[in-house]
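Here is a short briefing on a protein structure.

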Amino acid sequence: MDLQFTPEELAFRQEVREWVAAHLPPDISRKVHSGLRLSRDDMQSWARILGRKGWLGYAWPKAFGGPGWNAVQKHLFEEECALAGAPRIVPFGPVMVAPVIMSFGSPEQQARFLPGIASGDVWWSQGYSEPGSGSDLASVKTRAERVGDHYIVNGQKTWTTLGQYGDWIFCLVRTSNEGKPQTGISFLLIDMKSPGVTVRPIIMLDGEHEVNEVFFDNVRVPADNLIGEENKGWTYAKHLLAHERTNIADVNRAKRELERLKRIARAEGVWDDVRFRDQIALLEVDIVALEMMVLRVLSAERSGKQSLDVAGLLKIRGSEIQQRYAELMMQAAGPYALPFIQEAMDAGWQGDAALGGLWPGAAHHCAPLASTYFNLRKTTIYGGSNEVQRNIVSQTVLG
Amino acid sequence: MDLQFTPEELAFRQEVREWVAAHLPPDISRKVHSGLRLSRDDMQSWARILGRKGWLGYAWPKAFGGPGWNAVQKHLFEEECALAGAPRIVPFGPVMVAPVIMSFGSPEQQARFLPGIASGDVWWSQGYSEPGSGSDLASVKTRAERVGDHYIVNGQKTWTTLGQYGDWIFCLVRTSNEGKPQTGISFLLIDMKSPGVTVRPIIMLDGEHEVNEVFFDNVRVPADNLIGEENKGWTYAKHLLAHERTNIADVNRAKRELERLKRIARAEGVWDDVRFRDQIALLEVDIVALEMMVLRVLSAERSGKQSLDVAGLLKIRGSEIQQRYAELMMQAAGPYALPFIQEAMDAGWQGDAALGGLWPGAAHHCAPLASTYFNLRKTTIYGGSNEVQRNIVSQTVLG
Amino acid sequence: MDFDFTDDQLALRDAVARWVDKGFGFERRHHLAKAGGATRAVWQELADLGLTGLAVPSEHGGMGFGAVEAMVVMEELGTGLVNAPFAAGALVAPALLQAAPAEVQAEWLPRIAERSALVVLAHQERAARYRLHHVSTQAQRSGDQWLLTGSKSVVPAGDEADAFIVPARLSGAVDATDGIGLFLVRPGTAGCSVRGHATQDGARAAELLLQACAATLVCEQGFEVLEEAVDIGIAALCAEGVGLMGKLTAITVDYMNTRKQFGTTLASFQALRHRIADVKMQLELARSMSYYASLKLGEPAPARRRALSQAKVQLGQSARFVGQQCIQLHGGIGVTDEYIASHYFKRLTMLEMQFGDTLHHLGEVSTRMQDTAGVFG
Amino acid sequence: MDFDFTDDQLALRDAVARWVDKGFGFERRHHLAKAGGATRAVWQELADLGLTGLAVPSEHGGMGFGAVEAMVVMEELGTGLVNAPFAAGALVAPALLQAAPAEVQAEWLPRIAERSALVVLAHQERAARYRLHHVSTQAQRSGDQWLLTGSKSVVPAGDEADAFIVPARLSGAVDATDGIGLFLVRPGTAGCSVRGHATQDGARAAELLLQACAATLVCEQGFEVLEEAVDIGIAALCAEGVGLMGKLTAITVDYMNTRKQFGTTLASFQALRHRIADVKMQLELARSMSYYASLKLGEPAPARRRALSQAKVQLGQSARFVGQQCIQLHGGIGVTDEYIASHYFKRLTMLEMQFGDTLHHLGEVSTRMQDTAGVFG
């Protein structure tokens, strides 16, 4: 047992740290550290920078052009990116669909799709959820009918994160109504520029356009775009979910945000207020405990000696912690959390210069706090709601 | 709307206060205020004092010799008794079986049983729970077979509080196996001195003998002791449960114990510790809110204008508050909560005089604190566990 | 001891409820919020119902109603998610103006009651957090007039108001309770700049900058009046919160009884049923403490302050739990702008940051604790 | 970064587990507790296994094992609900004696390792609460010997110990960190009175009264040694707590899968299933922080103290939740003396009141917070 990283791991971390420091655009990291709005360009330019280095697919095996890192290295890479204020990698391409294509796609599909994912040039979206499906993902209603060498797709997906930017979308579609709901699902890749695809925004409670509805109206999709076998899509989707790793806990982001919370608490004069400070101290304990749980998983993954089935716990705890730091930041702002000035979410916003510019009370850092709190309510709902996660955890405990 | 009591109510309270002050034996109230062990004599002597005044059956209508008080008067009486440090009235006779006898018993049964209950001379026990029944009270297995003018009773009851002192016990017994479980239950009064009745102690986690198992081995019970009709006992039992009132919240006791917590916090030097004091402040808010909820119920009961179906909420909250003040008292004691010296639960215990007597550190008031904390874990389990109460509350909310 | 409402109070409740039903549906509310926050139009409609004169003494043309009537109205405004500055303009401002000279009262109170003037308290300063006695805005006498210099933040409906009541320091250190005067300032006066903005809960507020701005004296020793007015504001928030929570709970219950997952309604899952039982608990505790808050407003300051802080602590705990859980019980739809539940949630959240948050008032409760306990303790 | 156990550590764990399985069942444990608390007999059995020498340096006949081995043993002792003073005698005492002069070490450490002497820390004073620097017991030089006067409370296994390590004040105010010496006191010395008593968790403790009692000097500046030894004690409690919680959870899971209510097992009720998921969460968080506690023991004092306080806060939260909920999930049987779960609950509860409670350590975490965050922060 050892809490320290090996010299090799430390050297690896140092290499990542220096590279990130040299390549992450300062205007982007400034936005991330301030909780401000990221544009499509912000996200994609960072993806392309990583892509050029070969690190956008940082979890990919060497056979597919990835760096072939082990679990600890992946974690250290994630940590360095998070602490440096890099945008989170938009996961739908490199983290979600790519492993499915690697495992179940044909060599032709791999050659066709993986390079664009690895470079960050092609933006992928996820087409799982449908209106009414909620936590019951297998209740897929979007139909794909085989007609000659095409599928004709009709139906609707929803909660498609950043789908307004999507070039391609991977979808669960229903190709059969026989048997259990899970057995008639196929995994289909769809070009979002195809005729009949419509993307409509869903505005979230914080006023932001982050998710979408995607409609399919007689969309013709070449049969070549089917991954693996027809009606086996649920298997591939489960494979994908099983590969969601410790990053589900988002503990590195939590560490960065805890540091930000401390800065905000200082600026708002509550750092020395014993009651407020105790709340930060409790959160700090929560984050250390979560990080230790993540490290335990990494150690178990690397050594293979002990299995540690705590993915559900990491999701539950990680999401609760995200909500908690957002809540404390908002409460630190006090009355200055109340204003709602959407423009203030953009970096460089100066507001009305007549009153000295900036946010009311000139408390500019307070601008995104309430919105972030509202936004992060989603974390206990998406990715398998925390209620569903508790079902899963109790299954492992009670049988 | 008015938070003040009427002059009549205030005069009533004053009358009760003065009477209790004059009649409650100081050695008993000292034990109650210190959380020490009450003997059978302590409980029964207070019951008899109340009985002589006609106040043991304080909720009884005038027709049966009660004072005929309204809901507010009953509450004020309970409050004055609690704050003065009177023992809780052992409810099985005057509060539980008496209303059933009044409503469903024959005039002969009323004449035979009520006087002994009203005077405090006859100690009643409750025979509802059985091994394995838990929260599912209708799963009664104790059988009563009619043979001539007697029932022959066989089976076992459990969790019989203070059953070791019982003269009589009212029981739910199974007289039929037909239909739903609820339909074959009868309500039977059994003399505990009958041959075949055995009482065995259950020692609780705090080391105290508070509850018992009661065994019935071919016990002959005169059919005259049947209340109402055979197989209708579930109806009577439900009537009894419906008459459990706001006292279920035990808010008056909570007020008394909060005052004691403050005294203990002072003595232990944590009254001025902002962290500990905040915990007391939070509990104080909880208790005020619970008391307001109780008062709302009383007002609704008296006026009949608005109905307020919050019995489940009162049970849940009241029990949580009891557990919380006990926990805070224990934590206030700090290391002095650790010793377990059973004799110290008796008033007047002086311990080993060689070391100055009394509790370790001479912190005598710490003696019962951990035991009380352990003991009160029962409050969220008994009387319909808080989980069952949440089922009931959700039924009223969701249908 | 009586918690029944009188027939008049029930009629008042019905009047507000009818106006909400007929004229203030979600679409209008949503539209107002999107357009940058509620406008004077809604305030005007409440004036037309006679409600703005609720707390104005009858000699000034108001109804001279008390705390219970205010509570009844606030609860219904909460139920309807009405984002008009009613508490600020119709409850807090009249309480402050009670301390004003007769001629100031005669000038403003009838206009509040009858012609819907909107007067609001502008007390929040940058470094004050929730401490009412932290006042750095300076008041200086210049000839026969008072000049104020300083700035105030997040003034409710600040760019729609006809006047501000501004605490300003006549003497003493920045956090002394003595030496705080109350002044009336009109927008448009030289040296008074107002910058309005929308708020997270669909209303408006403003940043107020005073630079040697002429002001009318309300009273020279204003701290106790300020405290009492803020307590009135807290009671109003408590009642509004009860309305918000009650309606949000009802919306959630409806959703749970219709929305299906895994082939059955949400309402059939025991874990969710227990959650709604806990929601009901928090709602009823908050309602109990809202009654308590309103009924304690007439007590002497120490008992009143303690009670109002207790109530705000309960409100904070209940609003947080009910808001968060009702959104969670909805799932995805609960976090969208198009669905009404998220707007109830946002307003419930913002109650926390007004007139002192839960930690602030927990501190007040802790400081003011006595040896006794309970409602009458 | 590696959380695997070595084969030797796993063998150590097995050895303790086998002893528990064979020789320390619930009946024996229950009997010992009823008879007034664990006796030297259990300590002797642990000595026979070689465990009392775990932390004693090899030059004194011990195994010289480190923090991870101590954690492994404590976790198993927790699993087995072993009420012997192992942490006090085998972990905390050797840490304190490290600061002693060579001859004192040579006298006591081999006896701890080989002949099962029981030496315990006696530091708790009436007014100190959890502050280690609050020491009012006085040490005075008289000729060539030291005389101690004062009293110490709730000394673990105090009436079964062969010696006490007693912090006493050489100089300074009652709460100064300077001027605290450590002394070794033998029971039976003139002026040393010991009054033993049972504890809530089935062990024993004692009240120690010193009246000009002759004592051996361990070290004159003892505060830092004391702090480090207490941190070792905290890590031991964390590990024991993990063992206790793990086993109590397993007992509860078994019960839920067998006990029927309303015609079905408890394990089929979703509300209870979610509760056990939350129990599992608290267990795994506590386990994570137990690792953290042990692995941080070797760090410099500021980082070590911060980490150990963080771990104790987690232990407090987890032990409270797991203990309370596992009892609740059992229903009535859970609060009886005859059933093993209640004894796990009582021991878990008492962890809170040893070496500083959750609020105390939350204060430590708060005071020691830095700008950075996380395990390596």
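**Aromatic pairs**

Over all chains, the count of aromatic pairs comes to 47. The model behind this count is predicted.

- One of the aromatic pairs joins Trp19(A) and Trp55(A).
- Its geometry is edge-to-face, with 4.9 Å centre to centre and 65 degrees between the planes. The angle qualifies because planes over 60 degrees apart count as edge-to-face.
- Trp19(A) sits in helix H1 (residues 7-23) of chain A, while Trp55(A) sits in the loop between helix H3 (40-53) and helix H4 (71-84) of chain A, so the contact ties together parts that are 36 residues apart in sequence.

**Domains of chain A**

- UniProt, in an unreviewed entry, lists "domain: Acyl-CoA dehydrogenase/oxidase N-terminal" at residues 6-121 of chain A.
- That span, residues 6-121 of chain A, is 69% helix and 0% strand, and its end C-alpha atoms lie 35 Å apart.
- UniProt also places "domain: Acyl-CoA oxidase/dehydrogenase middle" (unreviewed entry) at residues 127-219 of chain A.
- Residues 127-219 of chain A are 0% helix and 49% strand. The end C-alpha atoms of this span are 14 Å apart.

**A hairpin in chain C**

- Strand E2 (residues 138-142) of chain C runs antiparallel to E3(C), and 5 bridges join the two.
- Within this pairing, Gln140(C) has Leu147(C) of E3(C) as its bridge partner.
- E2(C) and E3(C) form a hairpin with 2 residues between them.
- Gly143(C), in the turn, has a positive phi of about 65 degrees.

**Cavities**

- How many cavities of 30 Å³ or more does the structure hold? There are 10.
- The second largest cavity contains about 640 Å³ of space.
- Its lining counts 39 residues. Nearest the centre of the second largest cavity lie Leu338(A), Ala88(C), Pro156(C), Arg347(C) and Gln354(C).
- By class, the lining of the second largest cavity has 25 nonpolar, 8 polar and 6 charged residues.
- Several elements of chain C each supply at least two residues of this lining: helix H4 (67-79), helix H5 (86-97), strand E3 (145-156), strand E7 (204-219) and helix H7 (223-258).

Notes. Residues numbered from 1 in each chain as written. Chains lettered and ligands numbered in written order. Predicted model: local features only at pLDDT ≥ 70, side-chain atom pairs only at ≥ 80, totals over all residues. Heavy atoms only, no water. 1 Å grid on protein atoms, 1.4 Å probe; cavity = no way out; pocket = protein on both sides within 12 Å on 5 of 7 lines; lining within 4 Å. Points joined across faces, edges and corners; volume = space filled by probe spheres on them. Helix = DSSP H or I, 4+ residues; strand = E, 2+ residues; numbered from the N terminus. Nonpolar A, V, L, I, M, F, W, Y, C, P; charged D, E, K, R; others polar. Pairing = 2+ DSSP bridges. UniProt positions renumbered as here; feature names shortened; annotations may be inferred. Phe/Tyr/Trp six-rings, centres within 6.5 Å; stacked < 30°, edge-to-face > 60°.
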